[in-house]
Amino acid sequence: MNQSLIVRGAPQEYECRVGAWDDLEEHLNRRKIKRVMVLHGKDSWEAAKSYFPTLVNIDAHFVYYGGECTDEQTLALKQRFEQEQSEGIIAVGGGKIADLGKAVANQCNTPIFILPTLAATCAAYTPLSVIYKTDGAMDRYDVFAQSNALVLIEPKVILDSPIALMIAGIGDTLAKWYEADAMISQLEVQPIEIQVAAFAAKKCRDVLLSDSQEALAAMESKEINQAFLNVVETNILLGGMVGGFGDDYGRTSGAHSIHDALTILQESHQQLHGNKVAYGVFVQLVIENKWAEIEQLIPFYHSLDLPISLKEMNMSLSEDDYQRVAERAAQPHETIHYMKEKITPEIVKRAMMKLETAMSDK
């Protein structure tokens with residue numbers, strides 16, 4: 001291997017069980033933390049606040065996170081954190097709130113406690129933030145030297161979360177296998193860390209293909225079952241382990257570069273992250289010429305309503321749009337270049353157009 005590989009395997013502590021949030025104060029006491037800033041959203045907070053415990057001997061300042069994870073918002077919250085002389089940050093919400101909390105915690109050199117309200121990404125688990133520009137386009141990933149101090153998952157909160165977001169999470173996590181495999185399969189020697197990442201990535205795919213239907217049925221009926229717990233922990237814990245152990249070999253390759261490129265189109269903004277990534281998996285598989293794998297996945301995508309084409313995301317691209325997206329996806333810094341194939345904008349554009357034609361009658 002020609003590059004260093006740093007393992008960031010897990011948060012310092014992680015727990016997933018009914019009633020996990022009730023022990024929050026005890027976790028803070030064990031860390032001798034008395035003043036916290038609690039970052040939260042709007043809709044997710046409405047749904048989750050009845051589960052949020054009353055903090056008896058903790059001075060908590062509740063702050064709406066502001067809607068985006070940007071450098072500007074990070075700075076504003078850092079100043080607020082310092083003014084209030086807080087000693088820790090609790091992020092209650094989805095991926096953007098977790099990412100913003102981690103970014104602020106990194107700036108303030110303080111512990112971050114994450115209480116996810118969705119199982120839509122592995123953001124609660126991983127020590128990195130996706131930073132966006134103020135216009136909504138993705139800017140970069142920042143990876144931090146500190147692990148998240150604590151992740152507490154209350155399955156009942158996630159049971160009440162929007163099913164569409166769980167499906168998007170399944171799409172995003174399914175991509176872990178295809179993206180990691182595109183990189184790991186090129187290695188002649190796989191060190192143990194990479195083998196762990198590959199195992200976690202394969203397990204993501206296997207659990208999601210076998211348990212997703214039952215997990216969604218649990219959400220429909222508001223009854224927790226094992227399949228639901230499996231999918232929640234696959235999206236958060238297993239998904240996080242892929243990049244945690246594989247480092248750059250376990251992060252993103254083709255599918256996420258397609259996602260990132262689509263964000264330059266305004267009409268993509270109404271599509272959930274995981275849906276765009278799921279579409280990106282298909283584009284990546286076209287580039288790899290793995291049509292048999294696409295055929296295998298189509299029924300699974302259909303059963304969850306994941307998009308197999310741009311048309312299914314209500315996006316119709318002009319020739320110019322295809323060109324712009326392809327050029328953005330193939331920018332020199334993009335992870336699509338981790339794939340075996342030599343990627344050019346032309347290859348991306350051709351793959352997207354080929355997929356659109358092939359999926360028109362599926």
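A residue counts as buried under 20% relative accessible area, as exposed over 50%, and as partly exposed in between. Keep that scale in mind for this predicted model. Ser-147 has a relative accessibility of 28%, so it is partly exposed.

Start with the surroundings of Ser-147. The residue sits in the loop between S7 and strand S8 (150-153). Set aside its neighbours within four places in sequence, and Ser-147 is in contact with Ala-10, Pro-11, Gln-12 and Pro-127. Ala-123 is 24 residues from Ser-147 along the chain, and their C-alpha atoms are separated by 12 Å.

Now turn to helix H9. Is it enclosed or open? In H9 (residues 254-262), 9 of the 9 residues are buried, so the helix is largely enclosed by the rest of the structure. The buried residues run from Gly-254 to Leu-262, including His-256, His-259 and Asp-260. Several elements provide the cover. Among them are strand S6 (128-132) and strand S7 (138-143). Helices contribute too, including H6 (163-184), H10 (273-287), H12 (319-329) and H13 (345-359).

The whole structure holds 6 aromatic pairs. One of them joins Phe-52 and Phe-62 edge-to-face, at 5.8 Å centre to centre and 75° between the planes. Phe-52 lies in the loop between helix H2 (43-48) and strand S3 (59-64), and Phe-62 lies in strand S3, so the pair ties together parts that are 10 residues apart in sequence. Phe-52 has a relative accessible area of 10% and is therefore buried. Phe-62 has 41%, so it is partly exposed.

Another edge-to-face pair is Tyr-64 and Tyr-65, at 5.6 Å centre to centre with 70° between the planes. Tyr-64, at 35% relative accessibility, counts as partly exposed. Tyr-65 is buried, with a relative accessible area of 11%.

Terms used:
Residues numbered from 1 in each chain as written. Predicted model: local features only at pLDDT ≥ 70, side-chain atom pairs only at ≥ 80, totals over all residues. Heavy atoms only, no water. Buried < 20%, exposed > 50% of the residue type's maximum accessible area, 1.4 Å probe, protein only. Helix = DSSP H or I, 4+ residues; strand = E, 2+ residues; numbered from the N terminus. Contact = heavy atoms within 4.5 Å. Phe/Tyr/Trp six-rings, centres within 6.5 Å; stacked < 30°, edge-to-face > 60°.
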